[in-house]
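This briefing is meant for a reader meeting the structure for the first time. Please keep the sequence and the model in view while reading the points below.

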Amino acid sequence: MTVDEVLVPEQPEEKPAALPSPWRSGRFRLFFTARSASLLADGMLMVSLTTAVLGAGYGAGGVGYALAAWMAPIALLVLFGGVLADRFTPQVMMVGADVARMVAMLTLAALLLGGDVPLWQIMALMALSGAATAMFQPGLASMVPRVAEDIQRANALLRVSEAMSALIGPGLAGLLVAYWNVAGSFAVIAGAYALSGLVLAPLRRLSVTRDESDDPMWRRLVTGWHEFRSRSWLWGVIVIWAVYGLFVFGPAIPLGAALISEQHGASGYGWIASADGAGTIIGGLIGMRVRPRRPLVAGACAMLFFALNPLAPALGWSFTATALTSVAAGCGFAFWGVMWATSVQSHIPLAVLSRVYAYDVAGSIMVIPLGRALSGPGAEVFDADRVLLFSSVMAVVCIPVMLCVPAIRRLGRTPKPLDGTAATAPAS
C-alpha cells in the first residue's frame with residue numbers, strides 16, 4: 001500500500017440513481033392497461049372456445065382442430081410479424097392486430113347466436129385470430145423500453161398482470177358461459193381486444209427507430225437472423241429452452257393435470273393451478289426488487305424450482321405438498337421470465353428488437369405442441385408418472401447445461417441506451 005493510499009481514504013463506489021417507477025409514466029400505464037386487457041381475453045379464449053366446439057357437437061377432436069387452427073398461424077407468421085413491427089412500428093401492428101382479433105371474436109359470437117356453426121368457420125376465425133396474434137406478439141418486447149425507464153420493474157409488473165389474467169380469465173369465461181351464453185363470452189373477449197387497441201392508439205406518437213431500408217422481406221428476415229445468431233447467450237438459451245419445452249413443458253401440463261385430477265379431484269386441481277398462479281405473482285413481485293449482477297444466472301437458478309412441478313404428481317405427494325411445490329414452481333418461472341425479458345430488451349438495439357424477439361418466440365414455442373403430442377403415447381408406453389419423473393430430471397439437467405455457456409453465465413445488467421443503439425458491452 002502506498003503513502004497516498006494511506007492518506008487518502010478510498011472513496012465509496014457511487015450507487016446509480018434509482019430509476020423512476022414505471023407507474024409514474026402515463027405511457028406505461030396505457031401499455032399496462034392494454035396488455036392486461038389482451039391477456040384477460042387470451043385467458044378467456046380457451047374456455048370459451050372449448051365450450052363452443054363441444055356444444056356444437058364436434059367433440060375433443062374438434063377442440064384440437066380449432067386450437068391447431070389458432071396456433072399454426074402464430075408459429076408460421078411470428079417471424080414476419082417481427083419484420084413488420086420493425087418496419088411499421090410495433091404500435092401500429094399491435095393496434096391493427098387488436099382490431100382483427102376483435103372482428104374475429106365478434107363474428108364468432110354472431111355465428112354462435114345464429115345457431116349451428118360449421119367447424120370450418122370456427123377454424124377460419126381462429127386462424128385469423130392466430131395470424132393477428134403473430135403480428136401482435138413481436139412488438140411487445142420493443143414497447144417496454146419505450147414506455148418505461150426501469151425495464152426490469154416494468155417486466156415484473158407485466159408478469160404479475162399475466163398471472164392475474166391467467167387466474168381471472170378462465171373463471172370469468174366459465175361464469176359467462178354458465179349464466180349467460182357462450183356467444184356472450186366471445187363478445188366480452190372482443191371487448192377486451194377493443195380496449196387493448198383503444199389504449200394502445202395514443203402510443204403511436206412514441207418516438208420510434210424504424211427500419212427505413214428498402215430491403216425485401218426475406219432480407220429483413222435474414223438481418224434479424226444475423227442479429228439473433230451473433231449473440232451466443234441469446235441463441236444458447238433458446239436452444240436449451242427448446243429442449244426444455246419438448247421434455248418438460250410439453251408433458252408437464254397435460255400429464256400433470258391428469259394425475260393431479262386423479263389424486264386430488266377436479267377441485268383439488270383447480271386449487272393447485274391457482275397456487276401456481278399465486279407463485280407467479282410472488283415471483284413477479286420479487287423480480288421488482290431483486291436486481292442481480294448476472295440476471296440470467298439468477299433466473300436460471302430460480303428455474304430449478306420448476307422441476308418440482310412434474311415431480312409432485314409423479315410421486316403422488318399430498319395436496320398440501322403439491323400446492324406448495326406449485327407456488328415454488330410458479331415463482332421460479334416468473335422470476336426467470338423477468339430476468340430473461342429484461343436481458344433481451346437491455347442488450348438488443350431497438351431497431352431490430354422486434355425481429356430478434358420473434359425468433360425468440362418461434363424457438364421457444366414451436367416444440368411445446370410436439371412435446372404435448374408425444375406425452376400421450378409416452379404415458380401409454382412408460383406410464384405417466386415415469387414420463388413426469390423424466391421431465392423433472394430434464395428440468396434439473398438443463399439448467400447447469402445452460403450455465404456452462406460462458407456468454408450466458410457472464411451476461412451482466414448492461415443497460416441499453418434509449419436511442420436504440422447497441423449496448424456498450426459485447427453481446428457474446
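This is a predicted model: local features need pLDDT of at least 70, side-chain atom pairs count only at pLDDT 80 or more; totals for chains, interfaces and linings use all residues.

Helix α4 covers residues 90–113, and G115, which follows the helix, has a positive phi near 120 degrees. The protein chain as a whole contains 17 helices and zero strands.

**The chain overall**

- Of the 428 residues in the protein chain, 50% are buried.
- When contacts between residues at least 6 apart in sequence are considered, 88% of them join residues at least 24 apart.

**Helix α4 and its partner α2**

- Helix α2, made of residues 26–55, packs against α4 at an angle of about 30 degrees, and the two axes lie 12 Å apart.
- Angles under 35 degrees count as roughly parallel, and α2 is therefore roughly parallel to α4.
- The crossing of α2 and α4 is left-handed.
- On the α2 side the contact involves F31, S38, D42, L45 and A52, while α4 contributes M94, R101, M105 and L112.
- Sorted by class, these residues comprise six nonpolar, one polar and two charged.

**M94 within α4**

- M94 belongs to helix α4 and has a relative accessibility of 1%, so this residue counts as buried.
- Beyond its neighbours within four places in sequence, M94 is in contact with F31, F136, G139, L140, M143 and L200.
- The C-alpha atom of M94 is separated by 10.0 Å from that of A34, although the two residues are 60 residues apart along the chain.

- Helix α14 runs over residues 350–365 and has 16 residues.
- From first C-alpha to last, α14 reaches 23 Å, close to the 22 Å expected at 1.5 Å a residue.
- Because 13 of its 16 residues are buried, α14 is largely enclosed by the rest of the structure.
- The axis of helix α10, which covers residues 232–289, comes within 8 Å of the axis of α14, and the two cross at roughly 20 degrees.
- That angle is under 35 degrees, and α10 and α14 are therefore roughly parallel to each other.
- The crossing of α10 and α14 is right-handed.
- The residues that meet are L234, I238, W241 and A242 in α10 and V356, D360, G363 and S364 in α14.
- By class, five residues of this contact are nonpolar, two are polar and one is charged.

**S326 in helix α13**

- S326 lies in helix α13, which spans residues 319–347.
- With a relative accessible area of 6%, S326 falls under the 20% limit and is therefore buried.
- Apart from its neighbours within four places in sequence, S326 is in contact with I272, A275 and D276.

**D383 between two helices**

- D383 sits in the loop between α15 (368–382) and α16 (384–403).
- The phi of D383 is positive, at about 80 degrees, although D383 is not a glycine.
- D383 has a relative accessible area of 42% and is partly exposed.

Terms used: Residues are numbered from 1 along each chain as its sequence is written. Side-chain values use heavy atoms; hydrogens and water are left out. Helices (H or I, at least four residues) and strands (E, at least two) are DSSP runs, numbered from the N terminus. The expected span of a helix is 1.5 Å times one less than its number of residues. Buried means under 20% relative accessible area, exposed over 50%, partly exposed in between (1.4 Å probe, protein chains only). Axes are lines fitted to C-alpha atoms, for helices over the stretch in contact, and angles run from 0 to 180 degrees between N-to-C directions. Angles under 35 degrees count as roughly parallel, over 145 as roughly antiparallel, 65 to 115 as roughly perpendicular and the rest as oblique. A crossing is left-handed if the near helix is turned anticlockwise from the far one by less than a right angle, and right-handed if clockwise. Contact means heavy atoms within 4.5 Å. Ala, Val, Leu, Ile, Met, Phe, Trp, Tyr, Cys and Pro count as nonpolar, Asp, Glu, Lys and Arg as charged, and the others, Gly among them, as polar.
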